[in-house]
Amino acid sequence: MDAHGGRRSQAERDAATVEIGYALVSAVFAAAVLSGAMAGPALLFDLPGPLSTVLLRLGLVIAPVVFLARVVSVLTRFRWQARPGRSDRISPGS
């Protein structure tokens, strides 16, 4: 919404849609990489039972945490940068 409380332009809606898509895709990638890094050794190597269990569970716990943290950080950064009246925004002609 602009400073006057009006509706968003099509460009603003498109930018928000792209940013949401980017947040979701990058969050899935980050969660998969970190989860795989944690649980991968337990799946690839013959580790002792307790260590293998800990690594698998840690991989399962870290995935949703990383996913949520990435989505929130990308979308809050986008919202903060898209606020009207910001002096450090890049103008369309730059």
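A polar contact, as I use the term here, is a pair of N or O atoms within 3.5 Å; within protein, one must be able to donate a hydrogen and the other to accept it, and residues adjacent in sequence count only if both atoms are side-chain atoms.

**Entry 1: ground rules.** I am working with a predicted model, where local features need pLDDT of at least 70 and side-chain atom pairs count only at pLDDT 80 or more, while totals for chains, interfaces and linings use all residues. Residues are numbered from 1 along each chain as its sequence is written, and side-chain values use heavy atoms, with hydrogens and water left out.

**Entry 2: the overall picture.** I looked up the secondary structure and found two helices and zero strands; helices (H or I, at least four residues) and strands (E, at least two) are DSSP runs, numbered from the N terminus. Of the 94 residues in the protein, 18% are buried, where buried means under 20% relative accessible area, exposed over 50%, and partly exposed in between (1.4 Å probe, protein chains only).

**Entry 3: helix H2.** I checked the span of H2: its 33 residues reach 48 Å from first C-alpha to last, close to the 48 Å expected at 1.5 Å a residue. The expected span is 1.5 Å times one less than the number of residues. Ser52, Leu55, Gly59, Val66, Val71 and Val74 are buried in H2, and the buried residues of this helix pack against helix H1 (10-44).

**Entry 4: Ser26.** Next I turned to Ser26 in helix H1, which is buried at a relative accessible area of 14%. What does its side chain meet? A polar contact of 3.1 Å joins it to the side chain of Arg70, and a polar atom of the Ser26 side chain lies 3.3 Å from the backbone oxygen of Ala23. Not counting residues up to four places away in sequence, Ser26 touches Arg70 and Val74 (contact means heavy atoms within 4.5 Å).

**Entry 5: Ser35.** Ser35 also sits in helix H1, and I find it buried, with a relative accessible area of 16%. Leaving aside neighbours within four places in sequence, its contacts are Gly40, Gly59, Leu60, Ile62 and Ala63.

Entry 6: Finally, I looked at Leu56, which belongs to helix H2 (residues 49-81) and is partly exposed, with a relative accessible area of 31%. The protein exposes about 7,100 Å², and carbon and sulfur atoms supply 68% of it; accessible areas come from the Shrake-Rupley method with a 1.4 Å probe, and for residues only the protein chains shown count as cover.
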